[in-house]
Amino acid sequence: MTHAMLKGSNVPVDTTAVRAVLRWTPGAGVPDVDASALLVGPDGRVRSDADFVFYNQPRHPDCGVRHLAKTPVGESLTDSLEADLTTLDASVDRVVLTASADGGTFARVPDLRVLLYDAAGGDGEPLLVFDIAPDTGDETALICGELYRRAGNWKFRALGQGYDSGLLGLATEFGISVDEDDEGHSPEPPTAPAPAPRPATPPATAPHPAAPPAPDGPAATGEDSPVVPPPSAWPEEAATPPVAAAGGGRPASDPDAATQHVPDPAPGRLPDSFPLAPPQGSPATGGYGYPQHVPPPPAQPPARPAYGYPGPPHQQPAPPPYQPQPAYGYPQQPPAYGYPQQPPAPEPSFVLPPQGPQFQRR
């Protein structure tokens with residue numbers, strides 16, 4: 001009779017040799033599953049590394065615990081372990097049956113279960129079956145169950161306890177020192193090459209030398225390097241006819257004189273000479289293309305401040321001086337708007353007019 005076990009339940013094992021079979025359904029994206037066994041003592045740890053039986057150490061040297069090859073059964077795949085319980089040393093308290101997933105987690109392994117057979121009975125009806133359901137799905141190693149001693153007899157307990165550290169972490173917890181290559185994992189990736197040293201910071205560019213100061217005298221002008229005067233702020237000034245240079249030279253009416261200009265003075269200096277005005281009595285004639293008799297520009301009112309910017313502060317008029325009030329009964333002239341005035345003083349020669357008959361005594 002086959003016992004369908006639940007997690008945490010246990011049943012007695014009446015046979016002396018058992019075969020534990022781990023079965024699952026392979027497929028695309030399903031990681032490979034490997035079965036293994038750990039022989040531990042009463043302290044929960046192995047006696048030596050030889051007590052770890054798995055695909056790289058398929059047989060225990062002192063007893064009849066061995067790992068069998070994987071075998072397909074229909075659409076399923078199996079990985080099996082056999083144990084002769086009569087040959088186990090008395091210091092072995094438990095035989096822990098484990099499983100590990102290579103290339104993924106047990107959440108991607110469908111139809112995972114453990115079947116326990118009588119090793120002497122062949123492939124007949126199993127003694128028990130336990131369907132394993134991972135708790136979180138992130139497990140990469142599982143303790144499927146364990147064979148343990150109880151009062152001189154053997155029992156099987158269904159566990160299904162998961163680990164996310166793989167077979168290496170599970171075996172280390174039981175006291176096994178496993179080489180990473182023996183455990184089946186790929187070695188650590190090579191250390192990334194050190195980054196190339198950064199180039200040194202280029203030296204700061206030296207500042208350009210300052211331009212040499214202009215000579216004291218006016219710069220020489222010529223056809224190869226003409227000097228252009230700065231633009232005028234008023235369009236009317238641009239139309240002012242040029243005047244003749246001091247000491248003679250070409251008259252202002254000469255068309256070639258329009259291309260000759262007074263050079264700009266050096267920054268921060270006043271020119272040593274100014275162009276002279278034309279002599280009195282000779283009409284000033286403009287050069288080529290310049291109008292004559294252009295009046296000076298009109299005076300411009302001060303610019304109003306732009307919108308949003310405060311203008312000049314408003315000046316409050318000074319308060320008028322204190323003026324004494326006139327005596328009671330004297331009329332007072334209305335003061336000018338905003339300014340009080342001194343009341344007029346009475347004239348000393350003022351005499352009341354003669355009274356009428358109605359005011360004379362009889």
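**Cavities in a predicted model**

Student: Which element gives the largest share of the lining of the second largest cavity?

Tutor: The model is a predicted one. Within it, the second largest cavity has a lining to which β8 contributes three residues. The element that gives the largest share is β8.

Student: Which elements give two or more residues to the lining of the second largest cavity?

Tutor: The lining of this cavity includes V18, L81 and V95. Elements that supply two or more residues to the lining are β3, β8 and β9.

Student: How many charged residues does the lining of the second largest cavity have?

Tutor: The space in the second largest cavity is about 50 Å³. Its lining has nine nonpolar residues and no polar ones. Glu counts as charged, and E82 is among the lining residues. The number of charged residues is one.

Student: What is the volume of the largest cavity?

Tutor: Two cavities of 30 Å³ or more are present in the structure. For the largest cavity, the volume is about 70 Å³.

Student: Which elements each supply at least two residues of the lining of the largest cavity?

Tutor: Residues that line the largest cavity include A20, A35, D79 and L97. The elements that each supply at least two lining residues are β3 (17–24), β4 (32–40), β8 (76–84) and β9 (94–102).

Student: How many nonpolar residues are in the lining of the largest cavity?

Tutor: S36, T98 and D79 are among the residues that line the largest cavity. By class, the lining holds two polar residues and one charged residue. The nonpolar residues number nine.

Technical notes:
Residues numbered from 1 in each chain as written. Predicted model: local features only at pLDDT ≥ 70, side-chain atom pairs only at ≥ 80, totals over all residues. Heavy atoms only, no water. 1 Å grid on protein atoms, 1.4 Å probe; cavity = no way out; pocket = protein on both sides within 12 Å on 5 of 7 lines; lining within 4 Å. Points joined across faces, edges and corners; volume = space filled by probe spheres on them. Helix = DSSP H or I, 4+ residues; strand = E, 2+ residues; numbered from the N terminus.
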